[in-house]
Amino acid sequence: MDSNKRPDTMERIQTKEQADKFIAEQVEEVRAQVGERQVLLALSGGVDSSVVAALLIKAIGKQLVCVHVNHGLMRKGESEAVIEVFKNQLDANLIYVDATDRFLSKLEGVADPEKKRKIIGGEFIVVFDEEAAKLEGIDFLAQGTIYPDILESIKAAESGKPVKSHHNVGGLPEDMKMELVEPIKLLYKDEVRVVGKALGLPAEMVDRQPFPGPGLGVRCLGAITRDRLEALREADAILREEFDKNGLATKVWQYFIAIPDVKSVGVKDEKRYEGWPAIIRAVNTTDAMSATIEEIPYALLHHITNRITHEVNGINRVLYDLTPKPIGTIEWE
Ligand code: XMP
């Protein structure tokens, strides 16, 4: 039987009982696969890797070593949340690597989106390998592969080129000696969330909107600078807070800020004030292949504009992107 094919008889996991049953089966399977040996996991804090981490902690406890690489392109508070949930609450064996300086210096002056993606993806593997090399006796690599990843890579292989190189799919070194542990590879995203909740992960982590592997790197458009990246992180945090407060966080599939490498003239405290525009993107989609624009109430847009322009250093305008996909992609890069 092809272990990468979801059996037609597999029921869809929608309830806590179904999730508990799945978890119990996976715990047994992982224990049988791994025995007394150790497993390594790159824990980004995204839904999939978080659910795999929680599942493996349940199955093998401290035999799981999680490595969280902060590439400096995380959203506000994200790395802190990973540490809080996994280290403090779940008592995981967690190695935290702050690689911000390494990533940002590699990215300095690089404006081409595909080059940026390759640098971020490549550097990620280098940092992760360095950490893995410091550890001894690791025989397994766990991955948060889910069923759409498998379907997408089959489709991409059959049809030629994808539109953008998604850096966390198919980037494994060919000479990798570790065996893979992929306990959620036959699940769809909605099922992963049900399993995550059954494992006791917080709703903010499990219901989190999708976030690209290269993180804010593809939203700080063109060549990344620390000041513009910081403005982006702050503006994005305000947008998320306001969407949360106003019931849009659960209604809109993906929403974020992008900041181009452009300044315009503004006025503040009766003085000339040059700043960047913050672009709001808020889209709905089912499969990310096409997307429509979510209608945000004007009053809320005014409020967000007011907050961002007053609270974030360096931003003097806020724009609202009305472009569907196609013709725009969801991300700007
Ligand atoms: P686009 O911009 O292609 O995005 O319409 C479709 C979805 O994919 C996400 N995305 C990425 N995810 N690595 C990822 O893991 C990437 O390099 C990447 N680029 C885009 C994007 O956020 C959206 O959800």
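A residue counts as buried under 20% relative accessible area, as exposed over 50%, and as partly exposed in between. Alanine 288 has a relative accessible area of 23%, so it is partly exposed. The model you are looking at is a predicted one, so please read each value below as computed from that prediction.

Alanine 288 sits in the loop between β8 and β9 (292-293). Its backbone deserves a look too: alanine 288 is not a glycine, yet its phi is positive, at about 70 degrees.

## Other backbone features to check

Glutamate 270 is another non-glycine residue with a positive phi, here of about 60 degrees. Glutamate 270 belongs to the loop between β7 and β8. With 81% relative accessibility, glutamate 270 counts as exposed, because that value is over 50%.

A glycine with a positive phi turns up after α6: this is glycine 160, with phi near 100 degrees. If you are checking omega angles, stop at lysine 325 and proline 326, which are joined by a cis peptide bond with omega about -20 degrees. Proline 326 lies in the segment after β10.

Arginine 6 is found in the segment before α1 (16-34). Is arginine 6 buried or exposed? Its relative accessible area is 8%, so arginine 6 is buried. A polar atom of the arginine 6 side chain lies 3.5 Å from the backbone oxygen of glutamate 11. Leaving aside residues up to four places away in sequence, arginine 6 touches Glu11, Arg12, Tyr147, Leu186, Leu187, Tyr188 and Glu191.

Arginine 228, in helix α9, is buried as well, with a relative accessible area of 1%.

## A buried glutamate and a buried proline

Glutamate 131 has its place in helix α5 (residues 113-134). Its relative accessible area is 9%, so glutamate 131 is buried. Val67, Ile95 and Val97 are the residues that glutamate 131 touches, not counting residues up to four places away in sequence.

Proline 277 lies in strand β8 (residues 271-284). At 9% relative accessibility, proline 277 counts as buried, because the value is under 20%. Proline 277 touches Ala258, Ile259, Pro260, Val262, Arg317 and Leu319, again not counting residues up to four places away in sequence. Serine 49 is 228 residues from proline 277 in sequence, and the two are 33 Å apart in space, C-alpha to C-alpha.

## Helix lengths, and what α10 packs against

Why does the span of helix α6 (residues 147-159) agree with expectation? At 1.5 Å a residue its 13 residues should span 18 Å, and its end C-alpha atoms are 18 Å apart. Helix α10 (residues 298-311) can be checked in the same way: it has 14 residues and reaches 20 Å from its first C-alpha to its last, close to the 20 Å expected.

In α10, the buried residues are Leu300, Leu301, Ile304, Arg307, Ile308 and Thr309. An α-helix has 3.6 residues a turn, so residues three or four places apart point the same way. The buried residues of α10 pack against α9 (226-245), β6 (254-258), β7 (264-268), β8 and β10 (315-320).

## Where α1 crosses α7

At what angle do the axes of α1 and helix α7 (residues 189-198) cross? They cross at roughly 80 degrees and come within 9 Å. Angles of 65 to 115 degrees count as roughly perpendicular, and α1 and α7 are therefore roughly perpendicular to each other.

On the α1 side the contact is made by Lys16, Ala19, Asp20, Phe22 and Ile23, and on the α7 side by Val194, Val195 and Ala198. Sorted by type, the residues of this contact of α1 with α7 are six nonpolar, no polar and two charged.

Key
Residues numbered from 1 in each chain as written. Heavy atoms only, no water. Helix = DSSP H or I, 4+ residues; strand = E, 2+ residues; numbered from the N terminus. Buried < 20%, exposed > 50% of the residue type's maximum accessible area, 1.4 Å probe, protein only. Polar contact = N/O pair within 3.5 Å; in protein donor to acceptor, adjacent residues only side chain to side chain. Contact = heavy atoms within 4.5 Å. Expected span 1.5 Å × (residues − 1). Axes fitted to C-alpha atoms, helices over the stretch in contact; angles between N-to-C directions. Parallel < 35°, antiparallel > 145°, perpendicular 65-115°, else oblique. Nonpolar A, V, L, I, M, F, W, Y, C, P; charged D, E, K, R; others polar.
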